[in-house]
Every structure is written in C-alpha cells, then in structure tokens.
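Okay, thanks for having me.

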Amino acid sequence: MKKILFFIVVGTILGCSISKEEKLQNLNGYWEIEKVVTETGAEKTFAISTVVDFIEIDGNQGKRTKVNPQLDGSFKNNGSTETFEVDTSGNNLILHYKTPFATWDETIEKATTTNLKTLNSEGKQYFYKRFEKFDFK
C-alpha cells in the first residue's frame with residue numbers, strides 16, 4: 001500500500017511539472033518583485049515596488065527592462081535594460097546575462113502565468129508575481 005501511495009505522489013509531482021518551453025513562454029511580460037531570500041535564509045519582502053521588470057524573449061535571446069508603471073496604465077522605461085541568452089541545453093532553464101559591468105547566471109526555478117522564482121549565481125532566490133496594471137474603475 002505504501003508503494004502505491006509513493007508512486008501516486010511521485011507521479012502527481014512529475015505530472016504537474018512545467019517544461020522548460022512552458023517556463024520560457026511564461027517569462028514574457030511584466031513582473032513585480034515580492035521578496036528575496038538569501039542563501040542563509042534571510043528574507044527581504046517588498047510590500048510596494050515602484051519598479052517592474054519587463055521581460056521579453058525572442059528565440060534564445062532576451063532582455064529585461066526596468067520600467068515604472070504609470071497611473072494611466074502605461075509604463076515609463078527608467079533606462080536600465082539587461083540582455084541575456086537563454087540556455088535550455090541542460091536540465092534547467094538558465095539565463096546568461098552580460099553587461100559592460102558584470103556577467104551572471106539566473107536559473108528559472110518556476111515560471112507560471114502568475115508566479116516567477118529565480119535563483120542567481122550568488123544563491124539568492126527572487127520571487128515575483130505577474131504585475132497587474134492599475135485599475136481605478
């Protein structure tokens with residue numbers, strides 16, 4: 001009986017996992033940071049953020065632009081854009097960033113239509129939720 005229960009649980013977990021291709025499709029759009037957790041478990045939450053990450057991917061290239069949401073529903077680019085290459089060759093979905101100042105990797109641990117979780121090279125986990133435009137109606 002325990003073996004059957006084990007296989008049901010494992011099958012359910014594996015059956016619910018999202019493929020790298022689905023994660024990649026889900027990355028496109030506006031993301032609002034919720035919290036950051038360090039390797040040591042220290043946590044910083046962001047109740048309100050005036051900056052949103054806009055991620056767009058084309059093939060194996062992408063860019064992340066910092067934008068400020070406006071009250072009229074538009075976004076204002078704050079001048080910060082980072083480009084990256086998408087690596088789907090291994091078991092993970094990894095974004096390789098390179099700027100004139102630094103290079104780093106980010107592993108996409110979770111990317112659904114509503115939530116995003118990444119792990120950077122320093123062991124920090126970033127938790128995002130899909131940004132919803134302001135609606136004053």
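So, which are the buried residues of helix 2, residues 20-27? They are K23, L24, N26 and L27, where buried means under 20% relative accessible area with a 1.4 Å probe, protein chains only. Looking down the axis of helix 2, those buried residues fall within an arc of 165°, so they line one face of the helix; the arc is taken over the directions from the helix axis to the C-beta atoms. Turned away from that buried side of helix 2 are E21 and Q25, both exposed, meaning over 50%. Just after helix 2, G29 has a positive phi of about 130°.

Quick word on the ground rules. This is a predicted model, where local features need pLDDT of at least 70, side-chain atom pairs need 80 or more, and totals for chains, interfaces and linings use all residues. Numbering starts from 1 along each chain as its sequence is written, and side-chain values use heavy atoms, leaving out hydrogens and water.

Zooming out, the protein has 2 helices and 9 strands, with helices (H or I, at least four residues) and strands (E, at least two) being DSSP runs numbered from the N terminus. Of its 137 residues, 31% are buried.

Now, confidence. Mean pLDDT, the predictor's per-residue confidence from 0 to 100, is 87 for the protein. Strand 9, residues 125-130, is highest at 98, and helix 1, residues 2-16, is lowest at a mean of 43.
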